[in-house]
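Dear colleague,

Below it you will find my notes on what turned up.

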Amino acid sequence: MSIKDWPEGEQPREKLLSRGPGSLSDAELLAIFLRTGAKGMDAVTLARTLLVEFGSLRQLLQADQRRFCQGPGLGPAKFVQLQASLELMRRFLDEKLVRAHVLTSPQLTRQYLQVLLRDQPREVFALLLLDNQHRVIKYHELFYGTLDAAAVYPREIVALALKLGAAAVILVHNHPSGVAEPSRADRMITERIQSALGLLDIRVLDHLVVGDGETVSFAERGWL
């Protein structure tokens with residue numbers, strides 16, 4: 001039986017329109033993206049097969065082109081479409097954050113940084129540069145490391161903050177291990193950056209460490 005023969009309220013597109021996207025399962029959402037099935041499978045069955053094969057929706061979305069195109073019913077065109085969809089999501093969040101006041105939108109800020117950094121295979125150290133009303137001027141990635149660490153230079157952070165006229169910054173980096181708990185080195189470099197920026201009256205409002213589904217805030221820990 002094809003999806004068109006399903007009861008109208010159970011067809012993924014109609015279900016989304018009548019009940020909202022949150023009512024759909026991962027397989028149903030993926031089926032809308034796939035649009036068509038494969039030999040002997042409707043789109044929902046294909047989607048379920050792919051989720052099992054890749055292990056999860058997240059792993060499917062993270063797959064590189066070679067791995068992605070090995071899946072049944074997938075190919076370069078679907079890979080391009082998926083990457084475009086993911087980039088649209090990132091830009092949507094970017095636009096929302098730039099218009100927001102970060103201190104009154106902490107959940108949006110964390111969501112944005114999770115999307116950007118959670119699945120990075122190496123450590124990335126970045127800044128959210130803020131104006132004097134604590135609105136985002138720019139998100140900027142500065143330093144990249146191995147799986148374990150990134151070399152961070154306070155003088156480059158100072159130079160960038162001055163160049164963009166930032167009044168405050170939020171430091172952020174990810175832990176590729178997935179464990180967001182800050183290390184002693186994380187705390188030490190934060191103190192060095194805070195001291196360097198403090199000489200110019202540029203505040204460090206927070207340092208966020210992004211893990212797998214968790215973000216730890218230095219400010220909430222009372223470390224700033």
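A contact here means that heavy atoms lie within 4.5 Å. On that basis, among the contacts in the chain with a separation of 6 or more, 54% are made by residues 24 or more positions apart. Please keep in mind that this is a predicted model.

As for the overall picture, the chain has 10 helices and five strands, and its C-alpha trace spans about 70 × 35 × 30 Å along the principal axes. Of the 224 residues in the chain, 42% are buried, while the chain exposes about 12400 Å², of which carbon and sulfur atoms supply 52%. The mean positions of the 27 positive and 26 negative charges are 3 Å apart.

Turning to the aromatic residues, a search of the whole structure finds five aromatic pairs. In one of them, the ring centres of Tyr-112 and Tyr-139 are 5.8 Å apart and the planes stand at 90°, so the pair is edge-to-face. Because Tyr-112 belongs to helix α7 (residues 106–117) and Tyr-139 to strand β2 (residues 136–144), this pair ties together parts that are 27 residues apart in sequence; both tyrosines are buried.

Phe-218 and Trp-223 also form an edge-to-face pair, at 5.0 Å centre to centre and with 90° between the planes. Phe-218 is buried, with a relative accessible area of 1%, whereas Trp-223, at 26%, counts as partly exposed. The charged end of Arg-187 sits over the ring of Trp-223, 3.9 Å from its centre.

Elsewhere, Arg-67 lies over the face of Phe-54, at 4.2 Å from the ring centre, and ring pairs link Phe-125, Phe-143 and Tyr-153 into a cluster.

Notes
Residues are numbered from 1 along each chain as its sequence is written. This is a predicted model: local features need pLDDT of at least 70, side-chain atom pairs count only at pLDDT 80 or more; totals for chains, interfaces and linings use all residues. Side-chain values use heavy atoms; hydrogens and water are left out. Helices (H or I, at least four residues) and strands (E, at least two) are DSSP runs, numbered from the N terminus. Buried means under 20% relative accessible area, exposed over 50%, partly exposed in between (1.4 Å probe, protein chains only). Accessible areas come from the Shrake-Rupley method with a 1.4 Å probe; for residues, only the protein chains shown count as cover. Lys and Arg count as positive and Asp and Glu as negative; His and the chain ends are not counted. The place of a charge is taken as NZ of Lys, CZ of Arg, CG of Asp or CD of Glu. Rings of Phe, Tyr and Trp (its six-membered ring) pair if their centres lie within 6.5 Å; planes under 30 degrees apart count as stacked, over 60 as edge-to-face and the rest as tilted. A charge sits over a ring if NZ of Lys or CZ of Arg is within 6 Å of the ring centre and within 35 degrees of the ring normal.
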